[in-house]
Protein chains: 4
Amino acid sequence: MPKQKISEKELIWASLKVFRERGYHNTSMADIGAACGLNKGSIYHYFPGKEELMKAVILEMHEHYKQKVFIYAYDERLEPMERLKRLGEFSEKIFLSSNNGCLMGNIALETNSVLPEVSLLIKAFFSDWIAAMAHVFSKKYDEQKALALGKESVAEIEGAVMMMRIFEEQDYLKRAHQRIYQKYGVSETC
Amino acid sequence: MPKQKISEKELIWASLKVFRERGYHNTSMADIGAACGLNKGSIYHYFPGKEELMKAVILEMHEHYKQKVFIYAYDERLEPMERLKRLGEFSEKIFLSSNNGCLMGNIALETNSVLPEVSLLIKAFFSDWIAAMAHVFSKKYDEQKALALGKESVAEIEGAVMMMRIFEEQDYLKRAHQRIYQKYGVSETC
Amino acid sequence: MPKQKISEKELIWASLKVFRERGYHNTSMADIGAACGLNKGSIYHYFPGKEELMKAVILEMHEHYKQKVFIYAYDERLEPMERLKRLGEFSEKIFLSSNNGCLMGNIALETNSVLPEVSLLIKAFFSDWIAAMAHVFSKKYDEQKALALGKESVAEIEGAVMMMRIFEEQDYLKRAHQRIYQKYGVSETC
Amino acid sequence: MPKQKISEKELIWASLKVFRERGYHNTSMADIGAACGLNKGSIYHYFPGKEELMKAVILEMHEHYKQKVFIYAYDERLEPMERLKRLGEFSEKIFLSSNNGCLMGNIALETNSVLPEVSLLIKAFFSDWIAAMAHVFSKKYDEQKALALGKESVAEIEGAVMMMRIFEEQDYLKRAHQRIYQKYGVSETC
DNA sequence: GATGAATGAGACTTCATTCAT
DNA sequence: GATGAATGAAGTCTCATTCAT
């Protein structure tokens with residue numbers, strides 16, 4: 001990329017914000033261009049089309065989570081509860097910094113019956129997230145139980161983020177994380 | 001055809017399915033027409049525009065929930081736990097009968113920054129649902145705790161429904177409801 | 001016409017007002033229906049279509065002018081100048097009673113290149129009007145001069161009515177008529 | 001095509017012809033596209049919509065008149081009568097070169113009750129024209145008389161142009177101009 | 001004769017994509 | 001690589017007309 005006005009990463013992150021806020025179908029290439037100082041047509045030098053861009057955004061987000069969030073689940077130097085808290089803190093940081101909810105959740109609902117390739121990538125993201133949570137829970141519970149807790153944890157977070165967006169109330173997410181910590185901790189004391 | 005080919009209610013329910021599956025922006029008036037055997041132009045005899053139709057769909061769904069679901073929360077002849085179960089059973093029936101998740105959730109995320117009037121109606125729906133859940137919890141907990149439990153219950157259901165849609169796994173919803181029942185019952189035993 | 005809700009004449013006069021105000025292409029059948037308390041579809045019991053209705057309106061207006069205005073031109077009991085004044089007074093009465101100018105002029109410009117049958121009827125109206133004016137002038141001038149004066153008189157009135165509509169100033173028409181009276185009278189004194 | 005297929009001016013003048021011939025409401029974006037070799041959608045690269053295009057057309061025409069016609073009214077090197085003649089010759093040249101009358105008049109009547117912003121621009125055009133004529137008449141008459149003569153001159157021309165269009169007779173305009181010249185000259189000899 | 005829902009063509013407009021410069 | 005005009009399909013919506021009741 002010799003003289004690109006902006007880097008591919010910059011384009012992706014700018015697109016991410018627009019997609020998260022406006023959704024996939026309600027975002028035009030012109031919107032994205034406006035968000036990153038590029039002309040509509042120039043986006044096609046970076047990606048072959050809108051759907052491919054959407055996929056790149058999802059992959060980038062997925063990678064970001066892997067490196068910045070999920071990674072704590074596998075950090076064997078940390079206590080399991082500490083890992084859960086790190087996971088939680090990062091999620092919170094990400095979700096609370098935007099009013100527009102979770103890109104993955106937002107786009108998932110919109111593209112699920114309609115753009116299978118996009119759906120698949122989103123599914124992979126959530127699978128990884130669930131696996132990370134389950135991995136932590138597996139320190140205390142058997143595989144099956146741990147997986148179930150991973151699933152319900154992610155579901156609760158996504159539910160909370162949806163409600164946060166609808167009601168503009170940040171409590172939802174914090175409480176969801178507290179419930180998750182309790183899933184791990186409660187049986188210790190109970 | 002002298003009188004309406006289909007009733008307004010039929011149009012609304014047909015639209016509901018299309019909107020739930022394809023989302024708001026990716027649904028065209030032609031899609032809706034095709035779904036109910038009407039020419040796209042004819043829909044304007046029923047509603048003045050797409051957004052108004054969307055609003056009617058949401059109001060209809062809201063009314064449906066009030067009469068078929070929320071009502072159990074206020075049925076004083078039933079035990080609180082029985083009420084929770086009725087609420088749960090009906091939610092499950094509704095959500096499991098479609099592969100496309102929750103209309104309200106799907107549309108909420110897509111319209112939130114973009115169609116304020118629609119957002120408002122969706123917010124009202126979720127407020128009612130939370131109030132119904134909270135009302136049941138208030139039989140056992142104080143107002144504040146009951147409200148918090150109502151909020152987290154609805155959030156968990158919506159999170160579960162989202163995951164259900166993404167993974168096509170029905171377990172999510174059943175487990176969410178079990179967790180909700182436990183919210184009411186667990187402290188009895190613990 | 002046994003049980004018509006309104007008479008054909010009433011429909012025509014109601015349509016006339018709408019066409020004069022909104023023009024031909026910007027008037028919908030629904031507009032006309034609204035103006036006469038009839039349903040859109042019912043108009044087709046009176047006239048086979050919008051263009052035919054327009055033609056009927058023009059013919060009615062033409063007939064009205066013949067009977068109420070042009071007739072004075074041929075009333076041999078009146079002095080020529082008196083005839084001119086009667087013609088003028090009636091024109092003024094008609095044009096000043098609406099803010100929307102002259103139906104014939106308004107529609108003429110809009111349909112001229114586009115609806116030949118309508119144009120033809122409008123042409124016939126203006127021909128009659130010119131002939132009436134010319135007939136009066138022929139009392140004093142030769143045929144050719146009288147015809148020229150008729151033409152310029154009608155043109156001046158139409159120009160004045162156009163300006164009246166644009167500027168909402170009623171002077172234009174009165175002055176135009178004064179000039180017309182002078183066309184007859186001035187050479188008497190000059 | 002990297003740069004514009006046609007210039008904005010070319011689009012405006014092509015549109016002008018179509019609007020003058022077919023009127024505002026009966027002209028479609030496709031008509032305009034066809035008239036200038038552009039796809040109807042492409043017109044939106046030049047103007048944000050049909051009404052804005054109409055306004056640009058009117059402004060262009062106004063500007064054209066200012067520079068090519070009205071200017072003579074203020075050329076103090078010329079005799080007043082000479083100025084009137086120049087004004088007349090240019091008007092004639094413009095109006096006789098098309099069979100479709102005066103854009104301003106045609107559009108004025110159609111948009112008067114319906115597109116206020118367009119009406120305003122048309123009004124401004126006629127005001128300028130009247131002012132130009134009045135300026136010439138003010139060389140001989142007092143302000144008030146000069147203004148009245150300006151108004152009636154413009155009205156007469158517009159009336160003549162309307163008749164010209166209806167009857168396809170070019171005499172109207174020439175005679176109207178002769179009458180205008182007489183307005184200036186007649187009292188010299190009479 | 002009146003109704004008003006249905007139709008289907010066509011209106012204005014948007015937009016993902018292409019491509020000449 | 002960036003531009004932005006052009007495209008053509010598709011979107012929302014309007015409307016003259018038809019027709020079953």
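**Entry 1: chains A and D.** I began with chain A and chain D in this predicted model. I found no contact between chain A and chain D. Their closest C-alpha atoms lie 12 Å apart.

**Entry 2: chains A and C.** Next I looked up chain A against chain C. These two do not touch either. Here the nearest C-alpha atoms are 32 Å apart.

**Entry 3: chains A and B.** I noted the general idea before going on. A rotation about an axis and a shift along it relate two copies of a chain. I then checked the contact residues. Of those in chain A, 100% recur in chain B, and the same surface serves both copies.

**Entry 4: chains C and D.** I turned to the other pair. Chain C superposes on chain D by a rotation of 179°. The shift along the axis is 0.0 Å, and the RMSD is 0.2 Å. Which residue of chain C comes closest to the rotation axis? I found C:Gly159, with its C-alpha at 1.8 Å. Why do I say that chains C and D meet through the same surface? Because 100% of the interface residues of chain C are also interface residues in chain D.

Conventions
Residues numbered from 1 in each chain as written. Chains lettered and ligands numbered in written order. Predicted model: local features only at pLDDT ≥ 70, side-chain atom pairs only at ≥ 80, totals over all residues. Heavy atoms only, no water. Contact = heavy atoms within 4.5 Å. Least-squares fit on C-alpha atoms with pLDDT ≥ 70 in both.
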